[in-house]
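Please keep the sequence and the 3D view side by side while you read.

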Amino acid sequence: MFARDFYLLVENTFESCYLTSRFIEQFKHSSHFLGVLIAEDKPAQDILQQRQLFHSEYGGQKDWNDEMEKRWLGLYQPLNEASRKMIKLYGVSKFAVTQHPNTIFLGDKVNGSFARYCVKEICRETTPWLVTYLPKILHSWWIEITKSQILNCHSAVLPYARGMHSIENVASKKNIEAFQQAAGITIHYIDAGIDTGSIIRAERVTDPFRFNSIWELKAYLYSIGVEWYIRTVNDILDSASTTPVGLKPSADLCGENYLRKHFTPAKRQQAEAGYLWMKSQVKKNQQKPVADISANTADPDNIPFNWI
């Protein structure tokens, strides 16, 4: 039976905390938000309580310190560069990733037999949507059991930049046009490929070089991705008689599929330097003097035809 209900599918990271918090805030009065599936073994009750305490104490705080770092590492996966920029820009999330009253622990193997059992159970009578933030490849049984109702938010514009650390890898190549084309987010269905599912919506950042670093841009992409996720889920809930189909991009348009193992420390430095170099080049071009066209514009008959 088809349903408008949904779960989040996440892991124990800062980005997942941010997503879960925004969904709790947005859908706290909705009976359609059924809970959170998390890819980890169930922690001890003390850890779960400490997570909630951490967010109640520091929720909204943008100044990160050593004491917070120490406590965080006892509760979650380590922060990455983009996560740190998210904290600086938007603050610590208000809720823990495990704070929803119906949090289901799938175990640390997201494609394992226990996870499969849990997904079968939640899909026994109806087939809810799964809204994911999980940078892992899901086995085909996920798609079969959920009848392909699995959404992903990719932090680049598909199909131009696929896989892990995609926008950083594009930045490392110092191709301004390609970077501008790929800088944004995409909400799409998960299929058997990697970032090849039908695209529901894609949003491109109009000025991707207004940020201080590639990590600040990545933090912004995470944040707008969450907001577009919320809009997409609201659209699904509000449209009782239709379901988003999405568009399948031509294979000819598909960009490189970047792998996590190839994003080495050297590649990371190339991405950081490449972003700043492209930003400086764009700024130089914007500062070039504009030709004086007053002589032409004074007389309408002298206006070049391609201005009209």
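Helices and strands are here DSSP runs, where a helix is a run of H or I with at least four residues, a strand is a run of E with at least two, and both are numbered from the N terminus. The model is a predicted one, in which local features need pLDDT of at least 70 and side-chain atom pairs count only at pLDDT 80 or more, while totals for chains, interfaces and linings use all residues. Residues are numbered from 1 along each chain as its sequence is written, and side-chain values use heavy atoms, with hydrogens and water left out.

Let us begin with the whole. The protein chain has 11 helices and nine strands, and its C-alpha trace spans about 75 × 50 × 40 Å along the principal axes. A residue is called buried when its relative accessible area is under 20%, exposed when it is over 50%, and partly exposed in between, as found with a 1.4 Å probe on protein chains only. By this rule, buried residues make up 48% of the 308 residues in the protein chain. Two residues are in contact when heavy atoms lie within 4.5 Å. Of the contacts in the protein chain with a separation of 6 or more, 76% are between residues 24 or more positions apart.

Now find strand β7, which runs over residues 184–189 and holds His188. His188 counts as buried because its relative accessibility is 1%.

The next stop is helix α9, residues 214–238, where Val233 is found. Is Val233 buried or exposed? Its relative accessibility is 4%, so Val233 counts as buried. Apart from neighbours within four places in sequence, Val233 is in contact with Phe6, Phe23, Phe27 and Val131. Tyr76, by contrast, is 157 residues from Val233 along the chain, and the C-alpha atoms of the two are separated by 27 Å.

Two packed helices are described by the angle between their axes and the distance between the axes. The axes are lines fitted to C-alpha atoms, for helices over the stretch in contact, and the angles run from 0 to 180 degrees between N-to-C directions. For helix α4, residues 81–90, and α9, the axes come within 8 Å and cross at roughly 70°. That makes α4 roughly perpendicular to α9, given that angles of 65 to 115 degrees count as roughly perpendicular, those under 35 as roughly parallel, those over 145 as roughly antiparallel and the rest as oblique. On the α4 side the contact is made by Glu81, Ala82, Lys85, Met86, Leu89 and Tyr90, and on the α9 side by Trp215, Glu216, Lys218, Ala219, Tyr220, Tyr222 and Ser223.

In the loop between α2 and α3 you will find Gly59, which counts as partly exposed because its relative accessibility is 35%. Gly59 touches Phe54, Val92, Ser93 and Lys94, if residues up to four places away in sequence are not counted. Gly59 and Phe95 are 36 residues apart in sequence, yet 7.3 Å apart in space, C-alpha to C-alpha.

Finally, look at Phe263, in the loop between β9 (257–258) and α10 (265–286). Phe263 counts as buried, at 6% relative accessibility. Its contacts, leaving aside neighbours within four places in sequence, are with His165, Glu168, Asn169, Trp215, Arg268 and Ala271, and Trp215 is also one of the α9 residues that make the contact with α4.
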